[in-house]
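Walk through this structure one chain at a time, then look at where chains meet.

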Amino acid sequence: MKRKNPILALLAILCLALAFAACGGDDDSSSGGGGGSSSGSGGGSSETAGNEIQKVDGADGKSITVGSKNFTEQFILGEIYSQALEAAGFKVNKQLNLGSELIAYKALQNGKVDAYPEYTGTALTSFFGVKTADVPRDAEKAYEDTKKGFAEKDITALAPTPFENTYRLGMTKKKAEEIGNPTKISDLSDKASDLSISGFPECKQRQDCLLGVQDAYGLKFKKFVTSEQKYQVLDSGAADVAFIFTTDGDLASGKYAILDDDKKFFPPYNITFAIRNEALDKLGPEGQKVIEDVQKPLTEKVMQELNARVDVDKQKPEEVAKAYLQSAGFIPKS
Amino acid sequence: MLGLSYVPVLAQLGEDFFQNREGAAEKCPGNNGLCLGWIADNFGDYVDPLWEHVLLSIVPLAIGFLIATGLALFAHRYRILAPFFLFFVGTLFTIPSIAFYLILLNITGRGFTTAVVVLTAYTQVLIYRNVMTGLQEVPREAVDVAEGMGLTRRQILWRVEFPLALPAIFAGLRIAASSTVGIAGFAFFAGAGGLGGEIFADPAFKGNVVTASVLMILLAAVLELIVLTIQRVCTPWERAVAS
Amino acid sequence: MTPVFAALGPFGDAIDFIFQQRESQAGTVKVGGLGEIWELSWTHIQLSVAATVIATLIALPLGLWLGHIGRYQFLATSTSNIGRAVPALGLIVFFIAFLGVGFVNVCLALVLLAIPPIITNTYVGIRGVDRETVDAARGNGLTGMQIAGRVELPLALPTIMGGIRIALVSVIATATVAPLANVDTLGRPIVSPNVYGTAGQLAACIVVALLTFAADALLAAVQRAVTPRGIKIQANPGRSRGRLSLSSPKRSVQST
């Protein structure tokens, strides 16, 4: 008899812990978008009045599926476009986190999703078979080529974003000082053989990543360190240089030196909202304008800030997207 | 060229849109540390994955128990089948979980069902073996007495052998419970979410990894305690020794 | 017919990946083919065997001692219970986060994963040795150590091998995640489908499964080989008491 009690007591405590977790869940959802606490409260109420997304006539009942690839920036963009279309009265089905670009493209082609944001450079090299070296380095031209490529598959690539999220090489400012403050990748030509470089797993074998850089700049790095967490690896010293993205949230801390791509090796990577033609018809010209307007403020600096809110501040992409739309006046502050 | 046409619109996002992140990489949660404060604030985000994980653990356990017990009772009666059944369930267990999820994905699609099929398969060998052993270990004398009293074969099975095998059966169930919770940690490969998916979403963030892992361990502990309690209720004649 | 072919589709592509090199999805690099599969498999095998051997060296003596003195049963049980529940992915990721990447770190994590089943089975195996046999040995004047080494261990060996088998299988399965720590095992194509494609991903899964079967079969054969004949006869399905005892007393004390 005595034996049962301690066991039941422990059971009760553990059940209480789980119940507490459930209560914690309610608290969080009610406090809602508390994430963007210091964002855009002074966003200028009078100027933004004109920005608010109006309900599109005939949007009622029309549903559209928006997808995204599987990293932070894509989640944020997917949320931004989805929430904007919802504000315009459409019913939006979110299918974010589809996977890598090939999976997302396949989903787009077979109708599993109606649209998703893709990078011009990625589309050209991964979908349309353009070699990295042949991709036009002019952002407008790259977009035109991308648009043509998608058009052949009955997909429309809407106007590109102001920001581009392309590769650069980066290192901690401390490390940069150590090796004489390089400002561009060419500055590494004599030092590369002593430096280890880190990148995501596929980078080692991709022509638009490590292999191409080494060829274009005539460099040979000492060692390639595979890592998903590029900034951690830089901070811990496990790698000297890393492949970074220009809109990475961690760059907002100012701790890192970014090397300029002086030989223009890396292709342009602007985002374009790739949408199936029949879905575009559903949106109509007004729906299309919503998409093109909502991405106008997205400069590199803004995108960095949004990414930082998710990656550094650990906020949810949904909240961050909402805060952005509110700050820019697209949706009313609730 | 692309930037210039958008300059007027930029004015809407005031400078206060941009937070000063100097030093953010040294504090929680920017430093990806344990961040207990962050965990306390965001615990609610783990509830949905936890619930998914609970379902992913309990459903395969229940279904698996019924199937494995059925198989074992069958093999207990028709002894010739025993080695074949054992080989079959043993082989299922050998398939590595990630591989099993991905292979089955191509056949049954992404989602909860696929994960449940895989997890149920993994419970089989653990429960089957214990049910078989439990039935075998029933003392000969007890069965003889029952036969002497005139009970039929079926009555002997359900009134004598099965109850006496319960401790072993429950032991198998407990092992299967914690094993299932652990393997459900990879269920996100099959598109079924769960706490493993939370770990994979931000593996560098220690606070996240620890929270999800601890929740899994707690879940396993709770399940085991529940099974233990049921065992104690069902076998009042035995002092259920934690085997 | 058609559903079978459709199901064979991705598998057919995967099998082709194993044998033939092809261009990677995103670049000009060649992936696949027997050479690469073998390289990845070899790293996978090295990692798994290393982890299992180290785990055995730690867990076996510990379980042997605990089983022999017969106390702290709770310790053996709790280790195995918690060990089963700890998410393998969480453990590896945890180690990466706190210790960094590399072969040694991943190996350590896998060792931790492999210890619980070995300890449990060693403990249960030793405890399962017929008490009469042990008493007879003690009566013949053998010391504690000698009993543990010459009587209990050989009799418990089949169960212990069973534990090592479970451990090895779990380790091989978990070593699939090692690429996250910069160690290129067969998990590489699974974690990087961008380069290897879904065909590569599936191919790696098939090879890992085959590897696991082979390892399990190998250890099963070893397990059978170390089971003394007397026990094999006893342990067959039948109304046996399921205990590890020998058929005739005089065998128990005959040391090699």
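In chain A, take the contacts between residues at least 6 apart in sequence: 76% of them join residues at least 24 apart. This is a predicted model, so every value here is computed from predicted coordinates. Chain A holds 12 helices and 10 strands. It has 334 residues, and 55% of them count as buried. The chain exposes about 14100 Å², with carbon and sulfur atoms supplying 50% of that area.

One residue of chain A shows burial at the level of a single side chain. A:S327 sits in helix α12, which spans residues 317–327. Is A:S327 buried or exposed? Its relative accessibility is 3%, and buried means under 20%, so A:S327 counts as buried. One of its polar atoms lies 2.8 Å from the backbone oxygen of A:A323.

Now turn to chain C. Its secondary structure comes to 11 helices and 2 strands. Of the 256 residues in chain C, 52% count as buried. Among contacts in chain C with a separation of 6 or more, residues 24 or more positions apart account for 71%. Chain C exposes about 11600 Å², and carbon and sulfur atoms supply 65% of it.

Next comes the meeting of chain B and chain C. How many residues take part? On the chain B side there are 42 residues, in contact with 38 residues of chain C. About 3300 Å² is buried between the two chains. Carbon and sulfur atoms give 73% of that buried area. Which elements of chain B supply at least two residues each to the side that touches chain C? They are α4 (82–94), α5 (97–108), α6 (112–136), α7 (140–149), α8 (153–183), α9 (195–201) and α10 (206–234). Helix α10(B) gives the most, with 8 residues.

B:F170 is placed in helix α8 of chain B. Its relative accessible area is 8%, so B:F170 is buried. What does B:F170 touch, leaving aside residues up to four places away in sequence? Its partners are B:V227, B:I230, B:Q231 and B:C234. B:Q231 is 61 residues from B:F170 along the chain, yet their C-alpha atoms are separated by 6.4 Å.

Finally, look at the surface. B:L34, B:L36, C:F94, C:F98, C:L99, C:F103, C:V104 and C:L108 form a nonpolar patch there. Together these residues have about 750 Å² of accessible area. Which elements give two or more residues to the patch? They are α4 (88–99) and α5 (103–127) of chain C. C:V104, one of the patch residues, is found in helix α5 of chain C. With a relative accessible area of 57%, C:V104 is exposed.

Key
Residues numbered from 1 in each chain as written. Chains lettered and ligands numbered in written order. Predicted model: local features only at pLDDT ≥ 70, side-chain atom pairs only at ≥ 80, totals over all residues. Heavy atoms only, no water. Patch = residues over 30% accessible without salt bridge, like charges linked within 9 Å, V, L, I, M, F, W, Y side chains within 5 Å. Areas by Shrake-Rupley, 256 points an atom, 1.4 Å probe, with all protein chains shown as cover. Salt bridge = Lys/Arg side-chain N within 4 Å of Asp/Glu carboxyl O. Helix = DSSP H or I, 4+ residues; strand = E, 2+ residues; numbered from the N terminus. Buried < 20%, exposed > 50% of the residue type's maximum accessible area, 1.4 Å probe, protein only. Contact = heavy atoms within 4.5 Å. Buried area = accessible area lost by both parts, 1.4 Å probe. Polar contact = N/O pair within 3.5 Å; in protein donor to acceptor, adjacent residues only side chain to side chain.
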